[in-house]
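Biologist: Can you walk me through the packing in this one? Start with whatever term I need for the core.

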Amino acid sequence: MTRKNDTWSPATLAAQALGRVDETTGALIPPLHTATTYLRDPDNEYRKGWSYSRENNPSYETAETLLTELEGGAATLLFASGLAAATAIIMALRPGDHILASNVMYWSLRKWLKGPATDWGLVVEIVDMTDLAAVERALKPGKTKLLWAETPSNPLWRVTDIAAVAKLAHAAGAKLAVDSTCATPVLSQPLKHGADLVMHSATKYLNGHSDVIAGTVTTAAKDEFWERINAIRTQSGGVIGPFEAWLLQRGMRTLFLRVREASSSALRIAQHFQRHPKLAEVLYPGLPDHPDHAIARRQMTGGFGGMLSIHLAGDEVASQQAAIACAAKVQLWKRATSLGGVESLIEHRASIEGPGSPVPPGLLRLSVGIESCDDLIADLEQALAGT
Ligand SMILES: Cc1ncc(COP(=O)(O)O)c(C=O)c1O
């Protein structure tokens with residue numbers, strides 16, 4: 001494979017998947033390796049570096065190297081899903097270790113932390129990662145080993161000050177891991193702000209076409225903790241299939257175009273509905289009255305992401321009824337879970353998250369795709385008019 005040019009910008013690296021050309025065939029698209037097993041050398045070594053595909057597969061290489069470049073890290077691992085990636089980081093801790101996690105974060109991961117991770121012996125404490133004084137109070141120097149932040153966070157879109165939280169974490173001897181699924185490396189590079197690990201549900205924006213389940217972890221340093229994460233992938237077998245890894249490198253070629261378009265439409269939609277009579281609130285970090293707008297401006301470049309939420313007006317019962325009625329009336333937006341695909345999605349999150357969720361019953365989460373923004377606004381207008 002020929003190598004990338006060091007002066008290329010991230011958008012160029014993504015569009016050309018590092019600009020590699022297959023030396024054997026001249027192919028501009030990397031080959032797909034479906035082999036599960038590889039030939040040993042006569043002296044019993046594996047000098048080509050591949051032995052068995054639960055450990056590694058050459059089809060991972062393009063997406064992993066590209067993400068390492070885009071995040072400014074030292075190495076990346078692909079996983080079978082976003083949750084396989086996130087839980088591999090957390091399983092690299094040891095029983096008894098203390099972990100601080102955001103109060104607003106992807107619901108299933110929080111459930112896993114409070115359930116299996118706690119049963120396994122981790123001491124999990126939930127904290128508001130946007131409140132630096134609260135984070136500092138909750139840290140137990142020597143005992144806290146990991147801080148888990150998601151930014152912007154699902155589905156209230158709070159923004160964590162990565163540099164400030166990383167400083168607090170490091171002073172206490174802990175690492176900071178950031179779920180950057182909704183920011184993507186197009187808008188934010190957590191490692192450059194001091195995070196130690198960045199994780200993505202690549203199911204979302206990185207792949208971008210709602211047809212692959214995948215996860216990634218990129219590390220700032222190839223240290224002993226990274227080796228543990230790598231061993232967990234091999235030993236617990238949370239590996240992605242080669243075809244999914246290949247699809248992921250294809251999806252990432254249009255990452256910059258998709259994320260820029262979704263971000264610019266999301267901002268327009270947020271501004272358009274900001275003072276809508278049927279809404280109590282529009283939650284989007286790109287709006288100047290969002291509580292974390294100043295941090296988002298500092299930390300995110302080129303946009304504030306394609307995710308926003310609308311909070312229907314009325315008390316808990318009335319706002320929930322209105323939210324469900326609005327989701328029932330949209331025609332262009334698709335009523336479905338997930339996010340980050342080319343098609344726009346709308347979802348009543350409280351129904352998914354259940355009791356104990358911080359999400360208000362009148363909230364609808366919107367994942368803005370790349371359709372005409374005028375069409376998206378018109379469809380939401382007619383749906384709200386019918387509530
Ligand atoms: C922010 C975030 N992190 C992690 C995940 C989990 O990813 P996956 O569904 O790929 O396991 C999701 C999935 O919705 C998510 O939205």
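Modeller: A nonpolar core is a set of buried Ala, Val, Leu, Ile, Met, Phe, Trp, Tyr and Cys residues joined through side-chain atoms within 4.5 Å. Keep in mind that this is a predicted model.

Biologist: Fine. How many residues has the largest nonpolar core, and which have the most contacts inside it?

Modeller: It has 67 residues, and Ile269, Leu308, Trp333 and Leu380 have the most contacts inside it. Helix α10, residues 255-273, supplies the largest share, 7 residues.

Biologist: And is there a second core, or what else is there?

Modeller: A separate core of 29 residues exists, with Ala75, Leu113, Leu197 and Trp226 among its members.

Biologist: Back to Leu380. What does leucine 380 touch?

Modeller: Leaving out residues up to four places away in sequence, Leu380 touches Phe273, Ile310, Cys326, Val330, Trp333, Ile346 and Leu366.

Biologist: Which residues make the contact?

Modeller: Ala88, Ile89 and Met91 from α3, and Phe225, Arg228, Ile229 and Ile232 from α8. That divides into 6 nonpolar, no polar and 1 charged.

Biologist: Last one. Is alanine 63 buried or exposed?

Modeller: Buried, because its relative accessible area is 0%. Alanine 63 lies in helix α2, residues 61-71. Not counting residues up to four places away in sequence, Ala63 touches Leu78, Ala245, Leu248, Gln249 and Met252.

Technical notes: Residues numbered from 1 in each chain as written. Predicted model: local features only at pLDDT ≥ 70, side-chain atom pairs only at ≥ 80, totals over all residues. Heavy atoms only, no water. Contact = heavy atoms within 4.5 Å. Helix = DSSP H or I, 4+ residues; strand = E, 2+ residues; numbered from the N terminus. Nonpolar A, V, L, I, M, F, W, Y, C, P; charged D, E, K, R; others polar. Buried < 20%, exposed > 50% of the residue type's maximum accessible area, 1.4 Å probe, protein only.
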